[in-house]
Amino acid sequence: MSWAAHQFEVYAVQAHLPKKMRGRVSFWGIWLGDFTPDFLSKFWVYGITIRGKHYGASVPERWHRGWPGMGFTHTLSLGVILAGALWLWRRDRALTVGYLLGFAAHALTDVNDSVGTMLLFPFTTLNWSLGTWAYAATVGGGKYLDAAAYYSSLGLVMDLFWLLVVLASWRVLTREHWRTQIVPADPHIWSWLGKRMPERSMLALYRATFFYGVARMVAWSTWAHLIARPVINGVRHRGYPYDLSWTGPWWIRAKSLPHASPLIVLPATLALLGLVYWGTSRLWDPMGRAQRRLRT
Amino acid sequence: MGSKQPPKSLEHDGPAGGTAVWYAVAGITYIGAATVEKGLLNWLVGPAWLVAVVTFGPLGRRRRRRRR
(Lines give C-alpha, C1' and ligand atoms only; values in the text may rest on other atoms or scores of the structure.)
Protein backbone atom coordinates (compact mmCIF):
# COMPACT_ATOMS: atom_id res chain seq x y z
CA MET A 1 0.00 0.00 0.00
CA SER A 2 1.01 3.59 -0.40
CA TRP A 3 1.07 5.97 2.53
CA ALA A 4 1.63 9.72 2.12
CA ALA A 5 1.59 9.28 -1.67
CA HIS A 6 -2.20 9.16 -1.44
CA GLN A 7 -2.25 12.55 0.26
CA PHE A 8 0.13 14.13 -2.25
CA GLU A 9 -1.58 12.74 -5.34
CA VAL A 10 -4.74 14.72 -4.50
CA TYR A 11 -2.78 17.91 -5.23
CA ALA A 12 -0.85 16.33 -8.10
CA VAL A 13 -4.13 15.46 -9.86
CA GLN A 14 -5.41 18.98 -9.20
CA ALA A 15 -2.22 20.44 -10.70
CA HIS A 16 -2.28 18.26 -13.82
CA LEU A 17 -5.85 18.50 -15.05
CA PRO A 18 -6.56 18.77 -18.78
CA LYS A 19 -6.56 22.43 -19.82
CA LYS A 20 -10.33 22.77 -20.21
CA MET A 21 -10.93 21.39 -16.70
CA ARG A 22 -8.53 23.65 -14.81
CA GLY A 23 -10.24 25.61 -12.09
CA ARG A 24 -13.45 23.65 -12.68
CA VAL A 25 -12.90 20.25 -11.04
CA SER A 26 -13.89 19.88 -7.40
CA PHE A 27 -10.96 19.53 -4.99
CA TRP A 28 -13.27 17.80 -2.50
CA GLY A 29 -14.35 15.41 -5.24
CA ILE A 30 -10.73 14.41 -5.88
CA TRP A 31 -10.13 14.15 -2.13
CA LEU A 32 -13.20 11.98 -1.54
CA GLY A 33 -12.41 9.73 -4.51
CA ASP A 34 -8.84 9.20 -3.37
CA PHE A 35 -10.00 8.57 0.18
CA THR A 36 -12.81 6.09 -0.60
CA PRO A 37 -10.85 2.86 -1.33
CA ASP A 38 -9.01 2.76 2.01
CA PHE A 39 -11.96 4.20 3.93
CA LEU A 40 -14.05 1.21 2.82
CA SER A 41 -11.44 -1.47 3.40
CA LYS A 42 -8.53 -0.54 5.62
CA PHE A 43 -10.16 -0.47 9.05
CA TRP A 44 -10.17 -4.28 9.18
CA VAL A 45 -6.68 -4.75 7.69
CA TYR A 46 -4.95 -3.99 11.00
CA GLY A 47 -8.07 -4.66 13.05
CA ILE A 48 -8.40 -3.81 16.73
CA THR A 49 -7.40 -5.58 19.93
CA ILE A 50 -9.82 -5.53 22.86
CA ARG A 51 -8.80 -7.12 26.17
CA GLY A 52 -6.08 -9.12 24.46
CA LYS A 53 -8.33 -10.49 21.74
CA HIS A 54 -7.62 -9.39 18.17
CA TYR A 55 -10.48 -8.59 15.83
CA GLY A 56 -9.55 -8.14 12.18
CA ALA A 57 -8.80 -9.82 8.88
CA SER A 58 -7.07 -13.19 9.18
CA VAL A 59 -5.44 -12.65 5.76
CA PRO A 60 -5.01 -8.85 5.53
CA GLU A 61 -3.84 -8.74 1.91
CA ARG A 62 -6.83 -10.79 0.69
CA TRP A 63 -9.26 -8.67 2.67
CA HIS A 64 -7.70 -5.41 1.48
CA ARG A 65 -7.05 -6.16 -2.20
CA GLY A 66 -8.32 -9.61 -3.07
CA TRP A 67 -11.44 -11.52 -3.97
CA PRO A 68 -13.28 -12.76 -2.02
CA GLY A 69 -12.62 -9.73 0.15
CA MET A 70 -12.81 -5.97 -0.14
CA GLY A 71 -10.38 -5.81 -3.06
CA PHE A 72 -13.16 -4.48 -5.28
CA THR A 73 -12.85 -1.19 -3.37
CA HIS A 74 -9.56 -0.65 -5.20
CA THR A 75 -10.90 -1.24 -8.72
CA LEU A 76 -11.69 1.21 -11.47
CA SER A 77 -15.06 -0.44 -11.99
CA LEU A 78 -16.20 0.57 -8.50
CA GLY A 79 -14.84 4.06 -9.11
CA VAL A 80 -16.94 4.34 -12.27
CA ILE A 81 -20.06 2.98 -10.51
CA LEU A 82 -19.71 5.35 -7.54
CA ALA A 83 -18.95 8.32 -9.80
CA GLY A 84 -22.02 7.41 -11.86
CA ALA A 85 -24.14 7.24 -8.72
CA LEU A 86 -22.75 10.61 -7.62
CA TRP A 87 -23.69 12.11 -11.00
CA LEU A 88 -27.24 10.72 -10.81
CA TRP A 89 -27.61 12.08 -7.29
CA ARG A 90 -26.02 15.53 -7.57
CA ARG A 91 -25.77 16.20 -11.35
CA ASP A 92 -22.54 17.98 -10.51
CA ARG A 93 -19.85 17.62 -13.17
CA ALA A 94 -17.06 19.12 -11.07
CA LEU A 95 -17.71 16.71 -8.20
CA THR A 96 -18.26 13.60 -10.36
CA VAL A 97 -15.16 14.03 -12.52
CA GLY A 98 -13.04 14.96 -9.50
CA TYR A 99 -14.26 11.88 -7.66
CA LEU A 100 -13.42 9.54 -10.54
CA LEU A 101 -9.94 11.05 -11.02
CA GLY A 102 -9.16 10.77 -7.31
CA PHE A 103 -10.45 7.20 -7.11
CA ALA A 104 -8.46 6.19 -10.19
CA ALA A 105 -5.30 7.78 -8.81
CA HIS A 106 -5.59 5.68 -5.65
CA ALA A 107 -6.38 2.39 -7.41
CA LEU A 108 -3.62 2.84 -9.99
CA THR A 109 -0.83 3.88 -7.63
CA ASP A 110 -1.53 0.87 -5.40
CA VAL A 111 -0.34 -1.49 -8.17
CA ASN A 112 3.15 -0.67 -6.93
CA ASP A 113 3.23 -2.93 -3.88
CA SER A 114 3.64 -6.70 -4.02
CA VAL A 115 -0.12 -7.37 -3.77
CA GLY A 116 -1.37 -4.76 -6.22
CA THR A 117 -5.00 -4.21 -7.20
CA MET A 118 -7.59 -6.06 -9.28
CA LEU A 119 -7.48 -3.54 -12.10
CA LEU A 120 -9.81 -5.44 -14.43
CA PHE A 121 -12.33 -6.66 -11.84
CA PRO A 122 -15.01 -8.03 -12.37
CA PHE A 123 -13.68 -9.43 -15.69
CA THR A 124 -10.81 -11.09 -13.85
CA THR A 125 -9.91 -11.37 -10.18
CA LEU A 126 -6.17 -11.45 -10.91
CA ASN A 127 -4.18 -8.78 -9.10
CA TRP A 128 -1.94 -6.41 -11.04
CA SER A 129 1.28 -5.68 -9.22
CA LEU A 130 4.63 -4.13 -10.07
CA GLY A 131 6.08 -5.44 -6.81
CA THR A 132 8.07 -2.24 -6.28
CA TRP A 133 7.96 -2.75 -2.51
CA ALA A 134 6.63 -5.37 -0.12
CA TYR A 135 3.03 -5.30 1.01
CA ALA A 136 3.67 -5.74 4.72
CA ALA A 137 0.37 -5.59 6.61
CA THR A 138 0.39 -8.59 8.95
CA VAL A 139 -1.86 -9.74 11.77
CA GLY A 140 0.99 -9.65 14.31
CA GLY A 141 2.91 -6.60 13.08
CA GLY A 142 -0.03 -4.25 12.59
CA LYS A 143 0.44 -0.70 11.46
CA TYR A 144 3.89 -0.30 13.04
CA LEU A 145 5.62 -3.07 11.09
CA ASP A 146 3.79 -2.05 7.92
CA ALA A 147 5.00 1.53 8.30
CA ALA A 148 8.54 0.42 9.11
CA ALA A 149 8.67 -1.77 6.00
CA TYR A 150 7.17 0.90 3.76
CA TYR A 151 9.50 3.66 4.96
CA SER A 152 12.55 1.39 4.63
CA SER A 153 11.80 0.44 1.03
CA LEU A 154 11.06 2.02 -2.34
CA GLY A 155 7.76 3.04 -0.75
CA LEU A 156 9.67 5.95 0.79
CA VAL A 157 10.90 6.84 -2.71
CA MET A 158 7.29 6.70 -3.92
CA ASP A 159 6.21 9.18 -1.24
CA LEU A 160 9.15 11.45 -2.06
CA PHE A 161 8.35 11.22 -5.77
CA TRP A 162 4.77 12.41 -5.23
CA LEU A 163 5.99 15.09 -2.83
CA LEU A 164 8.34 16.37 -5.55
CA VAL A 165 5.52 16.30 -8.12
CA VAL A 166 3.48 18.57 -5.83
CA LEU A 167 6.44 20.81 -4.99
CA ALA A 168 7.24 21.14 -8.70
CA SER A 169 3.66 22.43 -9.04
CA TRP A 170 3.96 24.52 -5.84
CA ARG A 171 1.45 27.10 -7.06
CA VAL A 172 -1.26 24.55 -6.33
CA LEU A 173 -0.68 25.25 -2.62
CA THR A 174 -0.84 29.04 -2.84
CA ARG A 175 -3.60 31.31 -1.66
CA GLU A 176 -3.90 32.64 -5.22
CA HIS A 177 -4.50 29.15 -6.63
CA TRP A 178 -6.99 28.36 -3.90
CA ARG A 179 -8.93 31.56 -4.57
CA THR A 180 -8.96 31.36 -8.35
CA GLN A 181 -9.02 27.59 -9.04
CA ILE A 182 -10.30 25.75 -5.99
CA VAL A 183 -13.05 27.98 -4.58
CA PRO A 184 -14.86 28.60 -7.92
CA ALA A 185 -15.02 24.83 -8.58
CA ASP A 186 -16.67 24.17 -5.20
CA PRO A 187 -18.59 27.40 -4.51
CA HIS A 188 -21.25 25.90 -2.25
CA ILE A 189 -18.87 24.09 0.12
CA TRP A 190 -16.47 27.02 0.46
CA SER A 191 -19.33 29.47 0.82
CA TRP A 192 -20.82 27.35 3.60
CA LEU A 193 -17.43 27.12 5.31
CA GLY A 194 -16.84 30.85 4.76
CA LYS A 195 -19.80 31.66 7.00
CA ARG A 196 -18.27 29.64 9.82
CA MET A 197 -14.52 30.27 9.67
CA PRO A 198 -12.05 32.94 8.52
CA GLU A 199 -10.17 32.68 5.24
CA ARG A 200 -6.94 31.55 6.88
CA SER A 201 -8.76 28.53 8.34
CA MET A 202 -10.30 27.56 5.01
CA LEU A 203 -6.93 27.86 3.31
CA ALA A 204 -5.41 25.71 6.06
CA LEU A 205 -8.19 23.17 5.51
CA TYR A 206 -7.36 23.07 1.81
CA ARG A 207 -3.66 22.54 2.57
CA ALA A 208 -4.33 20.15 5.46
CA THR A 209 -4.12 16.94 3.45
CA PHE A 210 -0.70 17.94 2.15
CA PHE A 211 0.35 18.87 5.69
CA TYR A 212 -0.83 15.50 6.97
CA GLY A 213 1.06 13.69 4.20
CA VAL A 214 4.35 15.42 5.04
CA ALA A 215 3.79 14.90 8.77
CA ARG A 216 3.06 11.18 8.53
CA MET A 217 6.03 10.62 6.23
CA VAL A 218 8.42 12.42 8.59
CA ALA A 219 6.94 10.99 11.81
CA TRP A 220 6.86 7.35 10.67
CA SER A 221 10.33 7.60 9.09
CA THR A 222 11.73 9.16 12.27
CA TRP A 223 10.22 6.44 14.41
CA ALA A 224 11.29 3.59 12.09
CA HIS A 225 14.89 4.71 11.68
CA LEU A 226 15.79 6.67 14.80
CA ILE A 227 13.59 5.41 17.61
CA ALA A 228 12.65 1.77 16.97
CA ARG A 229 15.01 -0.98 18.15
CA PRO A 230 13.78 -4.04 16.22
CA VAL A 231 15.13 -7.56 16.56
CA ILE A 232 15.52 -9.08 13.07
CA ASN A 233 16.72 -12.68 12.73
CA GLY A 234 17.89 -12.56 16.36
CA VAL A 235 19.94 -9.38 15.89
CA ARG A 236 18.95 -6.11 17.57
CA HIS A 237 19.14 -3.13 15.19
CA ARG A 238 19.22 0.62 15.81
CA GLY A 239 16.27 1.39 13.57
CA TYR A 240 14.84 -0.76 10.80
CA PRO A 241 17.40 -1.30 8.00
CA TYR A 242 16.85 0.50 4.70
CA ASP A 243 16.56 -1.67 1.60
CA LEU A 244 15.86 0.16 -1.65
CA SER A 245 15.98 -3.00 -3.78
CA TRP A 246 12.94 -4.15 -5.78
CA THR A 247 10.20 -5.68 -3.55
CA GLY A 248 12.22 -4.76 -0.45
CA PRO A 249 12.84 -4.63 2.38
CA TRP A 250 14.61 -7.98 2.70
CA TRP A 251 13.68 -8.41 6.35
CA ILE A 252 9.97 -8.96 5.73
CA ARG A 253 8.21 -11.51 3.54
CA ALA A 254 6.43 -9.68 0.73
CA LYS A 255 2.76 -10.70 0.62
CA SER A 256 1.27 -11.60 -2.72
CA LEU A 257 -1.96 -12.83 -4.37
CA PRO A 258 -2.48 -14.58 -7.72
CA HIS A 259 -1.42 -11.93 -10.21
CA ALA A 260 -0.95 -11.03 -13.86
CA SER A 261 2.51 -11.00 -15.42
CA PRO A 262 4.45 -8.01 -14.03
CA LEU A 263 5.68 -7.26 -17.57
CA ILE A 264 2.26 -6.05 -18.69
CA VAL A 265 1.35 -4.19 -15.50
CA LEU A 266 3.06 -0.87 -16.25
CA PRO A 267 1.75 -0.52 -19.83
CA ALA A 268 -1.73 -1.64 -18.70
CA THR A 269 -1.73 0.84 -15.79
CA LEU A 270 -0.60 3.72 -17.99
CA ALA A 271 -3.20 2.75 -20.60
CA LEU A 272 -5.95 2.75 -17.96
CA LEU A 273 -4.75 6.10 -16.62
CA GLY A 274 -4.87 7.47 -20.17
CA LEU A 275 -8.33 5.96 -20.64
CA VAL A 276 -9.64 7.64 -17.47
CA TYR A 277 -8.27 11.04 -18.56
CA TRP A 278 -9.54 10.56 -22.13
CA GLY A 279 -12.95 9.39 -20.92
CA THR A 280 -13.45 12.25 -18.45
CA SER A 281 -12.21 14.71 -21.05
CA ARG A 282 -14.71 13.42 -23.62
CA LEU A 283 -17.57 13.43 -21.09
CA TRP A 284 -16.73 16.88 -19.72
CA ASP A 285 -18.68 18.96 -22.27
CA PRO A 286 -21.78 16.71 -22.53
CA MET A 287 -21.95 16.60 -18.73
CA GLY A 288 -21.71 20.38 -18.60
CA ARG A 289 -24.61 20.72 -21.07
CA ALA A 290 -26.71 18.19 -19.13
CA GLN A 291 -25.99 20.02 -15.88
CA ARG A 292 -27.03 23.38 -17.36
CA ARG A 293 -30.23 21.88 -18.81
CA LEU A 294 -31.22 20.43 -15.46
CA ARG A 295 -30.55 23.65 -13.57
CA THR A 296 -32.45 26.01 -15.89
CA MET B 1 -11.44 39.19 -14.53
CA GLY B 2 -14.95 37.65 -14.05
CA SER B 3 -14.79 34.25 -12.40
CA LYS B 4 -11.15 34.79 -11.41
CA GLN B 5 -12.25 37.24 -8.68
CA PRO B 6 -12.41 35.74 -5.19
CA PRO B 7 -15.76 35.78 -3.40
CA LYS B 8 -16.32 38.95 -1.37
CA SER B 9 -16.56 37.00 1.84
CA LEU B 10 -12.99 35.73 1.49
CA GLU B 11 -10.91 38.58 2.77
CA HIS B 12 -7.17 38.63 3.13
CA ASP B 13 -6.42 38.32 6.82
CA GLY B 14 -2.79 38.97 7.39
CA PRO B 15 0.65 38.83 5.82
CA ALA B 16 1.76 35.48 4.38
CA GLY B 17 4.89 35.52 6.55
CA GLY B 18 2.83 35.74 9.74
CA THR B 19 0.73 32.76 8.68
CA ALA B 20 3.80 30.72 7.71
CA VAL B 21 4.93 30.84 11.34
CA TRP B 22 1.72 29.11 12.43
CA TYR B 23 2.15 26.44 9.76
CA ALA B 24 5.65 25.82 11.10
CA VAL B 25 4.35 25.67 14.68
CA ALA B 26 1.66 23.20 13.61
CA GLY B 27 4.17 21.05 11.72
CA ILE B 28 6.78 20.91 14.48
CA THR B 29 4.29 20.25 17.29
CA TYR B 30 2.29 17.67 15.32
CA ILE B 31 5.31 15.73 14.06
CA GLY B 32 6.86 15.85 17.52
CA ALA B 33 3.71 14.62 19.24
CA ALA B 34 2.92 12.04 16.55
CA THR B 35 6.42 10.55 16.61
CA VAL B 36 5.84 9.73 20.27
CA GLU B 37 2.12 8.88 20.07
CA LYS B 38 1.30 7.19 16.75
CA GLY B 39 -2.42 7.28 17.53
CA LEU B 40 -2.32 10.95 16.52
CA LEU B 41 -1.25 10.02 13.00
CA ASN B 42 -4.57 9.78 11.27
CA TRP B 43 -6.43 11.69 8.58
CA LEU B 44 -8.76 13.33 11.10
CA VAL B 45 -6.35 14.55 13.78
CA GLY B 46 -3.63 15.68 11.32
CA PRO B 47 -5.77 18.10 9.31
CA ALA B 48 -7.67 19.22 12.44
CA TRP B 49 -4.35 19.99 14.18
CA LEU B 50 -3.25 22.29 11.35
CA VAL B 51 -6.59 24.09 11.10
CA ALA B 52 -6.76 24.53 14.88
CA VAL B 53 -3.23 25.97 15.17
CA VAL B 54 -3.64 28.29 12.16
CA THR B 55 -7.06 29.43 13.42
CA PHE B 56 -6.53 29.77 17.16
CA GLY B 57 -2.80 30.55 17.23
CA PRO B 58 -3.16 34.13 15.93
CA LEU B 59 -6.29 34.66 18.08
CA GLY B 60 -4.48 33.63 21.23
CA ARG B 61 -1.53 35.81 20.41
CA ARG B 62 -3.77 38.82 19.78
CA ARG B 63 -5.52 38.30 23.12
CA ARG B 64 -2.22 38.09 24.99
CA ARG B 65 -1.08 41.33 23.37
CA ARG B 66 -4.30 43.12 24.34
CA ARG B 67 -3.89 42.05 27.98
CA ARG B 68 -0.42 43.59 28.05
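This is a predicted model: local features need pLDDT of at least 70, side-chain atom pairs count only at pLDDT 80 or more; totals for chains, interfaces and linings use all residues.
Chain B has two helices and zero strands, while in chain A we will look at how helix α10 meets helix α11 and at where Thr209(A) sits.

**Chain B at a glance**
- Chain B has 68 residues, and 31% of them count as buried.
- Its accessible surface is about 4500 Å². Carbon and sulfur atoms account for 63% of that surface of chain B.

**Two helices crossing in chain A**
- Two packed helices are described by the angle between their axes and the distance between the axes.
- Here, helix α10 of chain A covers residues 187–194 and helix α11 of chain A covers residues 199–227. Their axes come within 9 Å and cross at roughly 130°.
- That angle makes α10(A) oblique to α11(A).
- The crossing of α10(A) and α11(A) is right-handed.
- From α10(A), the residues Trp190(A), Leu193(A) and Gly194(A) touch Met202(A), Leu205(A) and Tyr206(A) of α11(A).
- Sorted by class, this contact between α10(A) and α11(A) has five nonpolar residues, one polar residue and no charged ones.

**A closer look at Thr209(A)**
- Thr209(A) belongs to helix α11 of chain A.
- Is Thr209(A) buried or exposed? Thr209(A) is buried, because its relative accessible area is 9% and buried means under 20%.
- Which residues does Thr209(A) contact, leaving aside neighbours within four places in sequence? They are Gln7(A), Tyr11(A) and Trp31(A).

How values were computed:
Residues are numbered from 1 along each chain as its sequence is written. Chains are lettered from A and ligands numbered from 1 in the order in which they are written. Side-chain values use heavy atoms; hydrogens and water are left out. Axes are lines fitted to C-alpha atoms, for helices over the stretch in contact, and angles run from 0 to 180 degrees between N-to-C directions. Helices (H or I, at least four residues) and strands (E, at least two) are DSSP runs, numbered from the N terminus. Angles under 35 degrees count as roughly parallel, over 145 as roughly antiparallel, 65 to 115 as roughly perpendicular and the rest as oblique. A crossing is left-handed if the near helix is turned anticlockwise from the far one by less than a right angle, and right-handed if clockwise. Contact means heavy atoms within 4.5 Å. Ala, Val, Leu, Ile, Met, Phe, Trp, Tyr, Cys and Pro count as nonpolar, Asp, Glu, Lys and Arg as charged, and the others, Gly among them, as polar. Buried means under 20% relative accessible area, exposed over 50%, partly exposed in between (1.4 Å probe, protein chains only). Accessible areas come from the Shrake-Rupley method with a 1.4 Å probe; for residues, only the protein chains shown count as cover.
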